[in-house]
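This briefing concerns the arrangement of domains in a predicted model.

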Amino acid sequence: MSEKRLRQAIDTLKESGVRITPQRHAVLEYLLNSMVHPTADEIYKALEGKFPNMSVATVYNNLRVLKEIGLVRELTYGDASSRFDCNTSEHYHAICESCGKIVDFHYPPLDEVESLAEQVTGFDVSHHRMEVYGTCEACQQVATQKH
C-alpha cells in the first residue's frame with residue numbers, strides 16, 4: 001500500500017470532520033493493505049493484538065463511518081458476512097466458489113446495461129455490480145493434487 005493512499009484517505013476523513021482515532025486509523029490502514037476483501041470479524045481478529053480493548057462493534061462502527069464518507073464499499077452476499085473493499089473505483093469481482101476468495105478485475109463500465117435496464121423496467125437505475133464465479137488457482141491446484 002502506498003503511504004500516499006493512506007494520507008489521501010486521512011485527508012478525506014479530516015475534511016469530513018471525522019476524528020482519526022488510533023482504531024479508525026488501524027482499520028483504514030488494514031483495509032488499504034488488504035487484497036482479500038475482509039469481513040469485520042477478520043479485521044477485528046487481525047487488530048485485536050494491537051488493540052486488546054477494541055470490540056467487534058468498534059470495527060463495525062468504523063466501517064460504517066468509512067463507508068458513509070465513501071472510503072470503503074460494503075459487499076453483501078446473501079446470508080454471508082459483509083465484506084469490505086477499499087478500492088472504490090469502478091471494478092468487478094471474481095469469486096472462488098471453493099474458498100470464497102474475491103479478486104478485483106477491471107473491465108470497461110457496463111453503462112449500456114444500466115440504460116437498457118431503465119428502458120425495459122422503468123427503474124431509475126443507480127448502479128450495478130458484476131461478479132463472476134469459478135475456482136481460483138490455489139483451489140484448482142488442491143483439486144489437481146487430490147486426483
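Arginine 73 and glutamate 90 form a salt bridge in this predicted model, with 3.5 Å between the closest N and O atoms. The domain assignment divides the chain into domain 1 (1-88) and domain 2 (89-147). One salt bridge is counted between the two domains.

**Polar contacts and the face of domain 1**
- Between domain 1 and domain 2, ten residue pairs are in polar contact, both residues of each pair being at pLDDT 80 or more.
- On the side of domain 1 that touches domain 2, strand S1 (73-75) and strand S2 (83-85) each contribute at least two residues.
- The residues on that side of domain 1 comprise three nonpolar, four polar and three charged.

**Extent of the interface**
- Ten residues of domain 1 make contact with twelve residues of domain 2.
- About 890 Å² is buried between domain 1 and domain 2, and carbon and sulfur atoms account for 40% of this area.
- Of the area that domain 1 buries against domain 2, 50% is supplied by His37, Tyr77 and Asn87, which is more than any other three residues supply.

**Placement of the domains**
- A distance of 23 Å separates the C-alpha centres of domain 1 and domain 2.

Technical notes
Residues numbered from 1 in each chain as written. Predicted model: local features only at pLDDT ≥ 70, side-chain atom pairs only at ≥ 80, totals over all residues. Heavy atoms only, no water. Domains from an automatic or database assignment. Contact = heavy atoms within 4.5 Å. Buried area = accessible area lost by both parts, 1.4 Å probe. Salt bridge = Lys/Arg side-chain N within 4 Å of Asp/Glu carboxyl O. Polar contact = N/O pair within 3.5 Å; in protein donor to acceptor, adjacent residues only side chain to side chain. Helix = DSSP H or I, 4+ residues; strand = E, 2+ residues; numbered from the N terminus. Nonpolar A, V, L, I, M, F, W, Y, C, P; charged D, E, K, R; others polar.
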